[in-house]
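Hi,

Here is the structure I promised to pass on to you. Please open it first, and then read my notes below alongside it.

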Amino acid sequence: MTHYFETPSGDEHRRTITARFWDTEWTFTTASGVFSHDGLDLGTAVLLRSHTPRPESRRLLDLGAGYGVVAVALASANPAAHVDAVDVNERAVALTTTNARTHGVSERIRACTPEQVDPAVQYDEIWSNPPIRIGKQALHELLLTWLPRLAPGGIARIVVGRNLGADSLQRWLIDQGFRCDRTASAKGFRVFEIAPAEQTSQP
């Protein structure tokens with residue numbers, strides 16, 4: 001069986017969905033074989049309902065971009081920001097490019113697979129609804145690969161389902177030397193703000 005966190009081998013069936021957040025109706029192109037292709041998932045909705053990008057941030061990462069909802073939202077909310085939208089699913093990468101073009105932010109969104117990202121790049125913000133179902137070890141490896149790419153003063157915001165181990169993940173992140181604060185909780189999801197432990201919390 002092909003999972004949404006892999007490039008699907010079957011036919012692509014595109015459709016249009018509507019999502020509402022930040023008091024705005026948004027339209028996105030989705031397709032089979034991509035995470036939450038039937039509509040905006042609850043976790044991402046909670047993340048976007050509770051947070052917006054900081055106006056001073058210039059380089060952002062949408063980790064596990066899917067069809068590009070978060071990347072498009074970030075680039076639209078912060079006209080000075082450039083966003084790397086990263087996903088291992090090449091169909092998701094193509095859809096993110098399509099949706100960035102639809103919303104007029106394609107010049108500031110780079111949709112790509114992880115190996116296409118310059119390993120020296122640092123990010124002012126990392127946003128993610130991470131693929132919890134890849135398993136604990138793979139998830140830990142994913143986070144330990146990308147969280148160290150935060151720039152000085154940078155923060156990460158991730159959303160995790162409470163019943164999918166959000167609280168244990170928070171404890172693990174703290175054990176790894178990160179500050180990890182819960183900044184929102186709704187509909188069974190936790191939103192965490194993550195930074196190196198020596199950094200103070202951002203307003």
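**The second largest pocket**

Ten names to find first: the second largest pocket is lined by I132, G135, K136, L139, H140, L164, G165, S168, L169 and W172. Two elements each give two or more residues to this lining, namely α4 (136–146) and α5 (166–175). Please keep in mind that this is a predicted model. The space in the second largest pocket comes to about 150 Å³. Sorted by class, its lining has five nonpolar residues, four polar ones and one charged one.

**A cavity**

The structure also holds one cavity of 30 Å³ or more. The volume of the largest cavity is about 130 Å³. Its lining is made of 14 residues, and those nearest the centre are F35, D41, T44, A65 and G66. In this lining, six residues are nonpolar, six are polar and two are charged.

**The nonpolar cores**

Next, the largest nonpolar core has 36 residues, and the members that touch the most others are F21, F28, Y67, V83, I109 and W127. Helix α2 (residues 69–77) supplies the largest share of this core, with seven residues. Apart from this core there is another, of 26 residues, including L61, C112, L147 and I158.

Which residues is V83 in contact with, leaving aside its neighbours within four places in sequence? They are L60, D62, A71, L74, A75, R108, I109 and R110.

Enjoy looking around, and write back with any questions.

Best wishes

Notes
Residues are numbered from 1 along each chain as its sequence is written. This is a predicted model: local features need pLDDT of at least 70, side-chain atom pairs count only at pLDDT 80 or more; totals for chains, interfaces and linings use all residues. Side-chain values use heavy atoms; hydrogens and water are left out. On a 1 Å grid over the protein atoms alone, a cavity is a set of points where a 1.4 Å probe fits but cannot get out, and a pocket is an open set with protein on both sides within 12 Å along at least five of seven lines; lining residues have an atom within 4 Å of a point. Grid points are joined across faces, edges and corners, and a volume is the space filled by probe spheres set on the points. Helices (H or I, at least four residues) and strands (E, at least two) are DSSP runs, numbered from the N terminus. Ala, Val, Leu, Ile, Met, Phe, Trp, Tyr, Cys and Pro count as nonpolar, Asp, Glu, Lys and Arg as charged, and the others, Gly among them, as polar. A nonpolar core is a set of buried Ala, Val, Leu, Ile, Met, Phe, Trp, Tyr and Cys residues joined through side-chain atoms within 4.5 Å. Buried means under 20% relative accessible area, exposed over 50%, partly exposed in between (1.4 Å probe, protein chains only). Contact means heavy atoms within 4.5 Å.
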